[in-house]
Amino acid sequence: MVTDASRVARHSFYPLIHFTVKSVKVKFDKQSRRLERKEKNRPIVYASHLDSHIYSFYAQKLSGLYESKLAEHGLTESVLAFRSLGKSNIHFAAEAFEKIRRFGDCDVIGLDIQGFFDNLSHSYLKDRWRELLAATSLPADHYSIFCSLTKYSTVPKDELHEVLGITRRNFGIRRRRLCEPHEFRDKVRTSEKLIRTHTGKAGIPQGTSISALLSNIYMLEFDRRLSNEIKKIQGVYLRYCDDILIICPQNTGDGIYAFALEEIKKIQLQIQEKKTERRKFSLSPGVLQADKPLQYLGFLFDGQRILLRSASLARFSERMRRGTALAKATMESRNALRTLRGEDTRPLFKKKLYRMYSCVGRRNFLSYGYRAANIMKSKTIKRQLRPLWKRLQNQMAD
């Protein structure tokens with residue numbers, strides 16, 4: 001299917017399945033000296049099985065052309081996200097901080113693009129896509145994919161399950177497909193207001209296997225122009241998705257900042273000013289210092305030390321407190337039932353808590369932090385993480 005361009009051109013894409021992940025953002029308020037909790041909703045979408053294969057195949061085809069363009073424009077080491085580089089944000093942050101160390105006296109500018117995926121202009125994306133293919137217009141198969149990502153439809157996951165009669169009890173014993181084509185036609189497409197269509201002239205869904213690459217293709221001309229301007233003053237340009245970092249000689253930051261603001265307008269995007277960081281690093285005497293710590297990819301750098309953000313530590317501590325409290329409440333309710341049945345009570349199950357909230361676990365914030373500390377050779381990060389073990393022990397014991 002995916003290798004047949006004529007079939008892709010005629011293909012009718014299913015709506016994307018949509019759901020929202022709610023997370024609590026914790027921030028320390030310096031004035032009240034308290035932790036502030038704010039709920040953040042993150043929309044997630046995913047495509048049907050066949051549609052995902054089509055997106056993946058075309059992402060692979062476009063990726064080779066995109067990588068050639070990066071090499072042609074000298075951007076191979078500047079664009080960091082959504083590429084097969086065998087590195088994580090830890091490596092990218094460590095390399096950026098090392099570049100600042102080597103630079104010595106410098107201006108550093110951190111920029112964040114506002115509502116990145118939600119504000120990508122459809123007409124501008126179409127032109128950049130066409131240019132990458134060196135075509136006068138998008139071929140029919142590529143145009144079909146373009147339309148599916150700009151005039152896309154979504155179906156709320158919970159409402160979809162309700163229409164299809166799927167519950168938490170029977171979800172695991174469903175047949176291999178969420179729904180058959182006839183079920184989609186008879187139950188989903190006919191349901192009033194279940195399918196919601198995106199009608200704007202900007203924005204692509206974040207979650208398909210081609211969306212990330214398309215965002216890089218969208219930024220290609222901006223990357224080229226800004227990188228060339230920075231190279232004129234022997235500076236460094238780095239972009240990780242919507243996070244831009246510029247390292248340039250001292251007293252040149254104002255001009256580069258103004259240039260970046262003008263260039264971002266040309267591609268119909270905006271910089272989020274409240275997240276903009278402008279820092280000055282100075283060698284004095286022989287010791288690199290920043291007028292204020294730089295925040296980049298979840299880390300802080302003051303010229304000497306690399307640290308984890310306090311908000312990240314606070315968020316993990318809150319998650320650990322709530323997880324431990326839930327485990328203890330579950331233990332107490334089940335022990336109450338055991339007592340009524342005349343059975344022996346059981347102690348708190350600690351194995352899962354250790355896996356989720358201690359360095360024993362392989363995929364949690366602590367293991368991430370210690371991995372970052374080792375890669376960045378940061379004793380400061382290890383000192384930040386050390387109290388968390390004792391905090392977990394106290395919470396389990398209370």
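In strand β5, the bridge partner of serine 153 is threonine 197, where strands, like helices, are DSSP runs numbered from the N terminus (E, at least two residues, for a strand; H or I, at least four, for a helix). This bridge belongs to the antiparallel pairing of β4 (residues 153–156) with β5 (residues 196–197), which extends over two bridges, and two strands are taken to pair if DSSP finds at least two bridges between them. From β4, Ser153 and Val155 point one way while Thr154 and Pro156 point the other way, and all are buried, buried meaning under 20% relative accessible area, against over 50% for exposed and partly exposed in between (1.4 Å probe, protein chains only).

The structure is a predicted model, in which local features need pLDDT of at least 70 and side-chain atom pairs count only at pLDDT 80 or more, whereas totals for chains, interfaces and linings use all residues. Residues are numbered from 1 along each chain as its sequence is written, and side-chain values use heavy atoms, with hydrogens and water left out.

Taken as a whole, the protein has 13 helices and twelve strands, and its C-alpha atoms fill a box of roughly 80 × 65 × 35 Å along the principal axes. Of its 398 residues, 42% count as buried. Among contacts (heavy atoms within 4.5 Å) between residues at least 6 apart in sequence, 70% join residues at least 24 apart.

Strand β4 also contributes to a pocket. Together with β1 (16–29), α2 (49–72) and α7 (181–188), β4 is one of the elements that give two or more residues to the lining of the second largest pocket, and α7 provides the largest share, four residues. Of the 30 residues that line the pocket, Tyr14, Ser48, His49, Arg177 and Cys179 are the closest to its centre. The lining divides into 19 nonpolar, six polar and five charged residues, with Ala, Val, Leu, Ile, Met, Phe, Trp, Tyr, Cys and Pro counted as nonpolar, Asp, Glu, Lys and Arg as charged, and the others, Gly among them, as polar.

Elsewhere, five strands form an open sheet in the order β6-β7-β3-β8-β9, with antiparallel pairing. Its edge strands, β6 (236–240) and β9 (288–290), each pair on one side only, and neighbouring strands are turned by 20 degrees against each other on average, direction ignored. Five bridges hold the antiparallel pair of β6 and β7 (residues 243–249), and tyrosine 240 has aspartate 243 of β7 as its bridge partner. Helix α3 (residues 89–103) lies across β3 (106–112), β6, β7, β8 (277–283) and β9, at about 15 degrees to β7; axes are lines fitted to C-alpha atoms, for helices over the stretch in contact, and angles run from 0 to 180 degrees between N-to-C directions.

A further open sheet, also antiparallel in its pairing, has three strands in the order β10-β11-β12. Helix α13 (residues 379–397) lies across β11 and β12, running at about 25 degrees to β12.

Conventions:
1 Å grid on protein atoms, 1.4 Å probe; cavity = no way out; pocket = protein on both sides within 12 Å on 5 of 7 lines; lining within 4 Å.
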